[in-house]
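Please open the model in your viewer and keep the selection tool at hand. The stops below say what to pick and what is found there.

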Amino acid sequence: MKNFLKVRWAGILPCMVFVFLMMVCTTASAGDLPKERLVRTLRFVAYSPGEEKNIAEAHKFIAGQVKKLGFQIDFKPMLRSGVLQNMWFTRNFDLGTLWLTGRPTRVDPNMILYKLYHSEQDRPGGYNWAGYRNPEYDRAVDASANAMDQEERKKLIWKCQEIAARDVPILTLVHQMNLSPYNNKKWAGFVNMLGNGLKNVWSWTQAKPLTKDRTLVVGYHHDVGVLNPLTAHENNLMICRTVYDTLVKVGPDGHPKPWLAQSWKYLSPTEVEFYLRKGHKFHDGKPVTARDVKFTFDYILAKKIPYHYDACKIIKETKVIDDHTVRVILHHPFAPLLGHTGEQVFILPEHIWKDVPEKTNVDKAWMWIPTAEGKLIGSGFLKFAHWRKGDEIKLEVNKEHFFAPEYEARILKIVPSPEALLGRLKRGELHIVADYPYDGVALKKLCDAEPNLSLTMEPSVGWYELAFNCRKPPLDDVVVRRAMAAVISRDVIAKNIWKGFAIPAYTPTHPMLKPWYYPDAIRWEKLGLKGAKEMLAKAGYEWDSKGRIYYPEGKTN
Amino acid sequence: MNVLRFFSRRLFHSIFVFLALLTFIFFIFRLMPGDPTALFISPEMAADAIQEIQKTFGLDRPLYIQYFLYVINVCRGNFGISYYFFEPASRVVFEHLWNTLVLTITAMCLSYLVGVLVGTLLAWKRGTLFELGGMVSVLILRSAPVFWVGLIFLYIFAFKLHIFPGGSMAETGEFYGGFLEMVLSWEFLHHLVLPLVSMMCYFSGLPVLLTRSSILEVIKEDYVEMARAKGIGARRVMFRHVTRTAILPVVTAFATAIAYAFEGSVLIEVVFSWPGIGRLMVMSMLGNDYPVAQFAFMILAAMMILMNLLADFLYAYLDPRVVVQ
């Protein structure tokens, strides 16, 4: 019995010593890194459309890389509206991914550089979702908008990109390819526009039929909800850009080209005269005059039309000089006037819109449905013919237009499945898919195998981004953001995840956009994981035995 | 009297269920993440513009006020304006609903017609190789995903053999004066065939199996034996005595299937670019277009309730053994 006890004690004693030692050790290490300094789990909201496996893979990569730095991630994949609710309405996120579509109005660098980074936009409903505030940046971007001298403007826009890359409130990841497959036996002459692919007015005016089939059938993957020149949806704009004229259009090279305004002249930095084309008419036969231009700007300002107001609020007054000359007086010099305001605002026929919404059944002009009353009347090179909801929209060529295309009609055909889009394109039921949103690898394979299909690829002016919420710790610290940027390699995302169907986005400006793109923006990914950890350690961040990251002394959640 | 009381009670229940559903539908869509105005967000817009849009749609008010307004408006026959189409939700839904119904009701009726015939045939040929082959192919068609069958048909008949168009409802670029004019055109029929056949492959499985097993049950009953013993001809026994009883579960299934026809088939509509209600419902849910989603689900719920009620009536009428108590 005694022996037995001895044996038991003999075992228990070393155990107790071991436990005691362990306790000493853990309290000692806990003493080094107090619990309140442990960086909380980060909320990563991510836009995850089911059909986009690239985006899902990119999320996995991002989360994995950030975890390597010792951060804990709570990954929340959701639909676009959910992401926007978290990032845009409630600002309830730490990391968030978003996709920005390419549009002609987004080619001029100003809108993106101002809207997404300026501190004025960090307020409810503002577009600075990252919550970035830097007076130095604000000054640069404001000055760039006012700079009328191209060289001076370039310097300021470069500076904006330099600061944005340095402080990384948003990590722009990649410009995805705009994919435009088309039937080369039936059509030719499509024009590739910088950052937009073949989906642009230059294509639609210059397309040439090679066969007797003179109706261009364009396949599109999403239903169109409403056709109204005052509403924002991209699929609505696709139609309105052809039915309505604008003063200028952003050209294939990214710079403004004459459209309804044959030319323009700056009388002073705040006064521009536009000279309209003579003899041009709306689809109902009434002439397009300077009064319609004045009416449009006044109307948008007076009615505060949500989509166009920002493009026009720079305008102090519009004066009709004669039938074909209109003078626009600005509050202050505004360099992006042509590329932004001139490209975006559709010139409305006064005789139709003067009664909207007062003599219609809606309260707001932007909710009016002109197609229901046969009043979708513009002066553009295509005129509205019919609309079968969810199936097709037919537009006929306006033969009297100054850029009238050679064909007779253009049909937008709604085809919501990738298999049917490609099958019908191959068979010739569709002639072009101007913006193919699905997997590029399969598309390229098909187009290489089919001699009658050609594929145009153009890196979009839009991008896929990772935004950091700079309003609260730990991402309010620029060092943390830089460290994350250092481990998320854009080259890996572009080459390995998008398999070459995207190019890295080192700054918010499109790399082909000369002279605005700044090529020397800092690339944190050159540091790599080791450099990132060193940078964090230098700033006082520490890791515990499990590899979890702790704030520097004095900082907590 | 008894019958009347039973049905008035059933009707009352149905109305209660419907009202509860209205409330449920209202809140379930608002519980989904996202905001209806998220669709409008684009950097071109001014920062306060979204608030303006929310105000226009009445989304800035507290939820309970929105709910009361919704109930009052529904009672007045006003189902709200779609946030995506800017048209009354009811008009948007009906526009798409007709497109769906042309396809689904036709598919249902043909499926049940073919299904009952094939089912009877299989029951008659019980134990033969014909029955085995028939059963296996019905089961395969019934379990194959409907979009997959659709894709295969599309691939073979549209993209390889070029017999049928590769989707959509009517000829590209053709103008039709109205819905009827379109439906009565040859091109429409041409476009209808592939989605119709793909749907029938799936839908006809149930009536075939139901009819067959039901007939096999009934055929063993004493009264059938009795009828035979009386010397009535085989065909007369089959149709007057066996099928009339055996068809009852098929009738119920048909009534509920018709209700399902109202929800359409998203997958078929996507594969064949058919502008129907299924696609609309998915789009309205993804885009938080509450008025359209609510109205579509309301119609669907109403049809379900109505068709179940109708099935009860029909059952009582067709089967003398069902007694109202």
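Start by selecting B:Phe68, which is exposed because it has 12 other C-beta atoms within 10 Å, and a residue counts as exposed at 12 or fewer. The model is a predicted one. B:Phe68 sits in helix H3 of chain B, which covers residues 63-75.

**Second stop: a helix pair in chain B**

Select residues 205-218 and 248-261 of chain B, which are helices H9 and H12. Their axes come within 9 Å and cross at roughly 160°. An angle over 145 degrees counts as roughly antiparallel, so H9(B) is roughly antiparallel to H12(B). The crossing of H9(B) and H12(B) is right-handed. To see the contact, show side chains for B:Leu206, B:Pro207, B:Leu210, B:Thr211 and B:Ser214 on H9(B), and for B:Pro249, B:Val250 and B:Ala253 on H12(B). Coloured by class, the residues of this contact come out as six nonpolar, two polar and no charged.

Move to chain A and select helix H5, residues 135-146, together with helix H6, residues 150-167. H5(A) and H6(A) pack at an angle of about 150°, and their axes are 8 Å apart. H5(A) is therefore roughly antiparallel to H6(A). The crossing of H5(A) and H6(A) is left-handed. On the H5(A) side, display A:Glu136, A:Tyr137, A:Ala140, A:Val141, A:Ala143 and A:Ser144. They meet A:Arg153, A:Leu156, A:Ile157, A:Lys159, A:Cys160 and A:Ile163 in H6(A). The contact of H5(A) with H6(A) is made of eight nonpolar residues, one polar and three charged.

**Last stop: where the chains touch**

How many residues does each chain bring to the contact? Chain A brings 57 residues and chain B brings 48. On chain B, select helices H2 (49-56), H4 (89-124), H6 (146-160), H13 (266-271) and H14 (277-286), each of which supplies at least two residues of the side that touches chain A. Which of these helices gives the most? H2(B) does, with six residues. Colour the side of chain B that touches chain A by class to finish: 27 of its residues are nonpolar, 14 are polar and seven are charged.

Terms used. Residues are numbered from 1 along each chain as its sequence is written. Chains are lettered from A and ligands numbered from 1 in the order in which they are written. This is a predicted model: local features need pLDDT of at least 70, side-chain atom pairs count only at pLDDT 80 or more; totals for chains, interfaces and linings use all residues. Two residues are in contact if their C-beta atoms, placed from the backbone, lie within 7 Å. Helices (H or I, at least four residues) and strands (E, at least two) are DSSP runs, numbered from the N terminus. Ala, Val, Leu, Ile, Met, Phe, Trp, Tyr, Cys and Pro count as nonpolar, Asp, Glu, Lys and Arg as charged, and the others, Gly among them, as polar. Axes are lines fitted to C-alpha atoms, for helices over the stretch in contact, and angles run from 0 to 180 degrees between N-to-C directions. Angles under 35 degrees count as roughly parallel, over 145 as roughly antiparallel, 65 to 115 as roughly perpendicular and the rest as oblique. A crossing is left-handed if the near helix is turned anticlockwise from the far one by less than a right angle, and right-handed if clockwise. A residue is buried if 20 or more other C-beta atoms lie within 10 Å of its own, exposed if 12 or fewer, and partly exposed in between; C-beta atoms are placed from the backbone.
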